[in-house]
Structure formats: structure tokens, C-alpha cells
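Below are some notes on ring pairs and a surface patch. Please read them with the structure open.

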Amino acid sequence: MVVQAGTETVRFGRILFLSVAVMIVLAVAAVAVLPSVLDWNRYRGTLELLAGDALGRPVTIAGPVSLSILPEPMLTASRVRVDGGEDGTRILVAELRLRVALMPLLSGRVDASELTLRQPDLRLPWPPRLGLPFATPPWLAALSARIEDGTIEAGGLSLTHVNATLTAGRGSEALVLSGTAAMGASLWQLSLRLGDPEQDGNAPIAANLSGADAAAGIAASLAGVLQPDGHIRGHVVIEGPDLSRLMEAPPLPFHADGTILTGSEAVRLTDLALRLGGASVIGSGVLALAPGLRLNLALSAVDAVPLDPWLTVLRTGGESRLPVGLTLDASRATLARGLLQDVRLAAVFAPGGAQIGAFQAILPGGARFAAEGQLALAQGPASGPVQGPTSGNAQSGHVAQSNGAAWQFVGTAHLDAPALDTTAHWLEAAAPGVVPRLAPRLLRAADLSARVTIDTSRIALEDIAGTFNQSHVGGGLSLGLGGTPAISAGLTLDRLDLRPWLSWWQSETLPLAMLPRLFAGMAIELRLSAGQATLGETTLSNLNLDAATEGGQVILRRLDAAIDGMHVIASGALGNGGVMTAGQLALTGPGTAAAAALLPAPFGPALRHLQAPISLDATAAGAPNALHLSLNATLGDLRVTAEPVVNLRSGDWQGPVTLRHPGAAELMVATGLPDPTPWLGPGSFSLIGQIAGGAAAWTIEDFRLIAGTLTASGSLHLSLDPEGPTISGAIRANALPVPVPAPNGRELLPLALLTGWRGNVRFAAGKVLAGPHPLLGNAEGRVSAGDGVVSLEVTGNPPGGGTMTTVLGVDTRAEVPRFRLGAAFGDVRLAGGVFHMPLDLSSGTVSGTLGFTGEGYGPAALLATLSGSAELTGENGTVTGFSLGGVRAVMAGQGVDAGHGLDKALGGGTSMFYRIVLEAKGNAGRFTLEKAVLSGDDGTIRASGNVDLPDGTEDLRLALASLPAGSPEIILRLAGSISTPQRLIEMTDALDWLAKKNQGKTGH
């Protein structure tokens, strides 16, 4: 029985244990299953009352209500809305969760201990009221709310992805908020503590922010009070190692602190001290809250502000997420290694752009710069035309393109640069490689205004107006700032001085072949129009230039200008290595003055006198060391053709040249020379030769020259020395006509042609002519020049035989040119008159010397100053002008009509002599016969007297002694004009002697 009883006890215990276990399992199952099958929406009203008590606002639950038991009892309500009331508060919650006690809940009572808001959207009023939008419910000693992935907006400030704990009513703290939130793209650790109001009604408030991720290292703090009116007053500090982590700015360390005062519409910052990198800035600011956030700053720089980092941000497309109005004054700033002074900026920066109300600065070189406009984000390709010249053939240029999103400034600017070269040199830092190639030292001054477009790839100036290098200028200009510098310009100027630019080119010793290399890697479009351009004394009118660089070539599309009435058009292309293609030049004009200005003496002066219509057509092609030219020119009736090959590197050229003119005399007269017809004769002009030249010398080989009666050939070399041109060579002529000026001619001798020459030219001629009269045969000689002295030496055979050497020299160094003439002749057989005067030597063999000097600019002056002496001896010849034989016959006759016979004999005829001696000396054109004796079979003549060459008069006394023994002399006087002298015969003694002689014969 005992055993049975024990067994029953054990069995009962097992049954009881199993029953309890089953009940426990059933209870747990009921707890797990019942929440999902029971209708918890019956607690909706209770939950709305509980949440409303917690939040101090009416709460509406629009979604389902559910309960989860595990891991802890939790009532969940979806789509919860909190009534905002009159203060504008709005709370929308995706899901509201309350942690509750299970047993009270099973008994029908909700006992909440924690509130969780998932994805709440909280919009709180601004300014905040003193106190909370949350009331402390009787079932909670203090509010404790957990916010998960929420959004909070207050006074324009938006916090997203908020994960924080919000507690209230604990101790002396009315509100504590701590957790993380995102502002923009940055994540921040935040904390906010609001204390209970003190006796003055102010509640202490403290807030701290510290950045994470992209904003790591940035911290901000606020310490102040919340006033009863909802305004906050305190001290704010924000600092960090890199400002670019906070905003689109340079990566500079920063520190800012100041006093903050919030209002219903704005937050004011006073006593603001800001340090960016090494620059200190002071000022104030206002953060406007309505209708949207906007920060206005008024700053004054204490130190020099570096602007380069900020310029880099703009170039790379920086954007302000918060509208910022900025007024900045800086006495000094640095940009591109240059110092800017008196910088002032007034601008509004906003998402997508900025409005620059004013930017002013004094740039390096004392240039005053001012600009205003709009800085915006360009979303696509940016391009636009540059306004071109309004006259001529220039067209509108085009600027480079900027692809992708980038900042773009559009506005107006004004630059007053008195030392533009200094300013341009500084700008090289902004546009590397461009400004030096534009020769900044040639940019003297500018005062310009323009519409400006600037983006990351270009600077474009349109509607340019003002002065440049003291010339009014208009048009447009674009400067590319990308990897390939690009310049596009269409400019109109009223004046342009070309001399400084050419001087720069020469000083840089840049050959033409270097031009493509100079602009290699650059894209240039240049259209230039100038009303007047000057090059020294040469003036170009209506200059139009259209040029470009393309594919490694410098292309001159068209150069069009008028030069002193001449019209010039040029075009062509210069490629790699300086190879020229399609080069063309056309020149037409009524005269040659402009072309003469480009040529050295004596070609320039000669061409200047050739006032005849001019035309030139030229083509060019080839490499710099072998540029092939084809030239066809006309100067009035003068035709010039040439096909030279030019070496631009050395300046040398060579090729055939032909000159033709229908009248040689007309051509010489047209070049300013006296009419050569009397001595050169009629006929055409032609010159054919192989000419080689360069900067320092010209040579014409194997030339053939025909000019009137002159036919010559030979070779000449002309050196263009700094002291003057030097000529050398040899000429051979069949007949060489030479000018013999009229003794009393009033024309000036062409002495200017002799000035400045040096050299030595030898010549030979079959005969030398003075007009139609031969002077010498088989002549050889040379013309030499140097140090202002020109001399002619010639030796040859006079027409009748014998030899003659003549030296003629001109000294142009004296104040008045001095002439020297010397001659020596021997055994010269005369054939015809020598002087072609009434009294002349007509035949015989003569020898002698002469030497004369004189000075002046023409024949008359030379005769008036002629001085020197002459000696002549002769034999077996005749003298024309009287008949000594006739005198002898009269004196030997019977005296019948002796007077008439003497008149006839002394009025003309010829006289034979077997010897003649003449010696004369003169001074200032007045010559005296020192000795004059003529001896012949018919008698002897002794002459004396003088000849006045300037007056053209003579006073000679010829004493004739005939052979009859004892006969007296008969005197023949020649007085008056040399060409037509009066003849006076003194024959009284002779007649008396004849009478006595005849009487004696009669008486006998």
C-alpha cells in the first residue's frame, strides 16, 4: 500500500508538472499569437490621448495600430499627425512606437514608458517660444523620445537623417537633444541643452556641432541664453582645418567668432572676427531667415587677402549652396604674384550663380579696374561671337568653346591703365604664354570699357570702347584660357603706330620663318581695321587686316591698305619651317612716293621723282631659304619683270631682271635728271641682267644696257655700307656719250647723285662722244669715289691721233663743291676747230698740259671761280680767223688799195704756222695770255690780252709781223663777245710804210 501510494504521488506530480508546462506553453503561445489576432485598433483613441499628452498637441493616428510582445511589449501606430496649432508647428510621423507594460495592457490599461518617432518630419516655429512644444504627461516623470531617421526644420535650417534622443524635464534642463544629423552632404554630431528659465526669464542654451566624414575636423559652438521672446543671444565660434569641407572655398584653415542675436526674421552677427589662412578679416553679418536663408556679410580685411585660391575655386566651378551677400573692403590683396590695392567687392552669391554689384581694384602698374555683372553656372557649351570692325573687310570673330558645367561671368568692365605694359606683364600669370608673345612692352596705355564674358576657358570682351595707345578703339576680343591659348579679335582703331611693333620684331631678331613657331599651339583669329597707320614718315590709310593661325600655319587672308595714294593688297600663308604658299601682292597707285620711302639712296630719291602711275603684281612660294618670286611692275612707261629667288634667312636674292622704257631721255628726266637728249640722243632704254642682292650688297652680272646712243655691257657690284653705298665693276661701251654743259648754263649740275658714294668703276669705250662730236677713241678709264670726293680719269686717242689723259675731280665735302680739271696731251693731230670760235686752231699737231680749279653748283658758277693755267705747243698747222699770207701779200704789193686788202686779210681766212706756243694763267674766271707766239712762213704773230669767261668777253691784241724786211707790225684787236668779237685793225704805220715804199719806187 505504501508503495502504491508513493507511486500514485509520483504519477500525480508528473501530471501536475506536465499540466503547468502545457499551461506555460499555452500562455507563451497566447502571448505570441494573441497580439496578431486581436484587434488593437480599439486602443487608437488611447494612443492618440497618450501621444497628445506627451507632445502637448492633438494627435491623429491614420494608420493601423499593432502590438508586438517580443522582445518587449511595443505598441506601434502608423501615419501619425500632430496638430500644429497657431504657432506653425507641424509633426508628421511615419511610425510612432510606445514601449508598454504587458499586464496592464492585458487588463485594458496602457502603461507607456518610452516614445520612439520613426521618420518624423518636424517643422518647428521660429523664433522658438520659451518652453517646449512637449508637455510632461502624468505617466512620465520626464519626456524621453527617440527620433529615428527624422527631419527637423526651424527658421530655414534643415536637418535630415536625424538620429537623436530628445529628453525634457530632467533636473534643471528643460530640453536635451543629442545625436547625429545631416546638413547638406555632411554628417554632424550635435548636442543641444536648454536650461530652465532663470529669474530674469532667460534660459541658458548651449549647442555644439562637430563634423564627420567630409566635414571632419570642423566644429561649432554656441553659448548664450534663450530670451522670453524666443530670441537667442550669445557667442558663436566655428573653426576647422579646411574651409572647402564646409563650402565651395579654398582648402584654408579658418576660425570665426562673434556675437549672435536671433530674431524672428534674421540672425545677426556682430563683432565678427574671421581668420582665413594667414589673413584676418573683421566685420558683421546678418543671416536672413525669411522668405529663405540668406547670409549678408560686411567685411574689412586687416591683412593682404590672397585671391588666387578663390579664383581657382571659380575656375573649377565652385557654387555657393547658401545665398550670401558679401561686401569686402581690402586695402591690399594678392593675385597672381601681384599686389592689388583698394579692393572693394559687393556681391551676392547664391546657388547657381552670383551677382557682382561692384568689383574695384588698383592693379599692378597703377591700372584702375572696375567690373559688375552676373556670375552663373553655365550648363552646356559656351560660345559667342566677338564683335568685329564695322568697316573694311573684317568680319566678326568667334571665341573658343567651354564644354561642361562651369562658372561664367557676364557683365561690364572698365580698365584705366596708364602703364599697360606693367599690367600686361602681371596678367601673364592669368594667361600663361599669351601676353609675352603680344609684346607687353608695346602696350603703353589703355582706357577701355567693354561687355565681358569670362568662364573657365575664355575671356571675351565685346563692345570695346575707349583708347588704346592714345588711339580710339572699338570691337571685340576673346582670349582662350584652356590648354591651347586662343585669341580672337575684331578691332577698329582710328590710329595705329606700326614702328614700335616693327622695332620690337627687329629687336627680337625674329626671322619670318619663325613666325609659325612663335604662334605654335595658339589659335588666333585677328581682324583689324585702322583708319590711319603710320610707319615712320609713311602713312597707311584704311588699313584692314584679316589673319589667323590654323593647322600650324600663319594665314594672311587679306591685307588691304592705301599708302600715300597707293592701294596695296596682300595675302598668303606661312607654314612649318616658314614655307610660304599662295603669296600674292598687288600694288597700284598714281605715283611712287610711298614705294620710294622704302628703298635706300639713290634708288629712293630717283624713284620719288618718277611721278608716274605704278602697278605691281607679285607672287611668292617656297621655303625661307629659296623663296621664288615673280614680279611684274609698271612705272608709267617703264616695265620691270623679275624672277628672283630669295633667301629670307640671309636676306640674299638672285635672278633675272629686265627693265624697258620707250624713251631713255624721257626716263632720265622723269627721275629728276637734266634732259640728256643733247648728248645721249634719241632712243629707247632697256636693261637686262642677272642681279643678285642682299641687305648689304647688290650685283648685276653680264648686263646689257641700251640707252639712246649708248650701248654697254658689263658687271657692277654695289655694297650698301653704313658710310654710304660703294660701287665697283667694269663697263664696256661701243660709243660712250658724255654730257658737256654749256659754259654759261644756269642749270644746276646733278651733284646730289654724287653725294655719299664710294667705289671704283673701270670702263672702256670704242669712242667717247660729246653730242655728235667725237672726243676720244679707244678710251679707258675709271670713276672713283670716296670720302666725298669723286674723280674721273680717262686716257684715249683724240680723233686725229695722239694721246690724251684727263682727270676731273669733284670734292663735295666743302661748303660749296670744288672741281678740279687736269689734262695732258701729246702729238694730237687737230682736224677741225678746237674751240669752234672765230679765232681757232683748225689743224696741226699739238701737245700741252692744263690744270684748272673751280667751285659752284652749275657751269656759270664754275666759270666765275675758274683758276689755273694752260700751256700748249704746236707745229705745222693752221689758224682760222685771219690770213697771215694775205697780210704778207698786201705788204709786199704795190700799195694799191692796201687798206682794203688788210681788212680782208685780217677779217677771215687761215694762216699757216710751223710752230705755235701759248701760255695762259687765270684767276676767278679771268685769264691772261702770258705768252702767245705763232711763227710761220708768212710771218710771226705775238698775242697778249685777257679773256673774261664769266662775262664771255675778251680783249686780245695780236701783233702781226710780215716777212718783208723793215715792215712795221700790224695790230689786230679782238674785243667784246668771245663768240662775236669786234675786230679793230691798227694799220696806220703799215699804210705809211707802204706809201713811202711805193713812192720810192715811183720816184726811181
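Does Trp698 count as buried, partly exposed or exposed, and what is its relative accessibility?

1. The model is predicted. In it, Trp698 has a relative accessibility of 25%. Buried means under 20% and exposed over 50%, so Trp698 counts as partly exposed.

2. Three aromatic pairs are counted in this model. In one of them, the ring centres of Trp653 and Trp698 lie 5.7 Å apart with the planes at 80°. Because planes over 60 degrees apart count as edge-to-face, the Trp653–Trp698 pair is edge-to-face. The pair links distant parts of the chain, with Trp653 in strand 38 (residues 652–661) and Trp698 in strand 40 (residues 697–707), 45 residues apart. Trp653 is partly exposed, at 21% relative accessibility.

3. Phe852 and Phe927 have ring centres 5.4 Å apart and planes at 90°, so this pair is edge-to-face. Phe852 belongs to strand 48 (residues 840–855) and Phe927 to strand 52 (residues 926–936), so the contact ties together parts 75 residues apart in sequence. Both Phe852 and Phe927 are buried, whereas Trp653 is partly exposed and Trp698 is partly exposed.

4. A nonpolar patch on the surface is formed by Val783, Leu792, Leu808 and Leu821. Together these residues have about 250 Å² of accessible area. Leu821 sits in strand 47 (residues 818–831). The relative accessible area of Leu821 is 33%, so this residue is partly exposed. Patch residues need over 30% relative accessible area, a cut-off that Leu821 passes at 33%.

Notes:
Residues are numbered from 1 along each chain as its sequence is written. This is a predicted model: local features need pLDDT of at least 70, side-chain atom pairs count only at pLDDT 80 or more; totals for chains, interfaces and linings use all residues. Side-chain values use heavy atoms; hydrogens and water are left out. Patches are made of residues with over 30% relative accessible area and no salt bridge: like charges are joined within 9 Å, nonpolar side chains (Val, Leu, Ile, Met, Phe, Trp, Tyr) within 5 Å. Accessible areas come from the Shrake-Rupley method with a 1.4 Å probe; for residues, only the protein chains shown count as cover. A salt bridge is a side-chain nitrogen of Lys or Arg within 4 Å of a carboxyl oxygen of Asp or Glu. Helices (H or I, at least four residues) and strands (E, at least two) are DSSP runs, numbered from the N terminus. Buried means under 20% relative accessible area, exposed over 50%, partly exposed in between (1.4 Å probe, protein chains only). Rings of Phe, Tyr and Trp (its six-membered ring) pair if their centres lie within 6.5 Å; planes under 30 degrees apart count as stacked, over 60 as edge-to-face and the rest as tilted.
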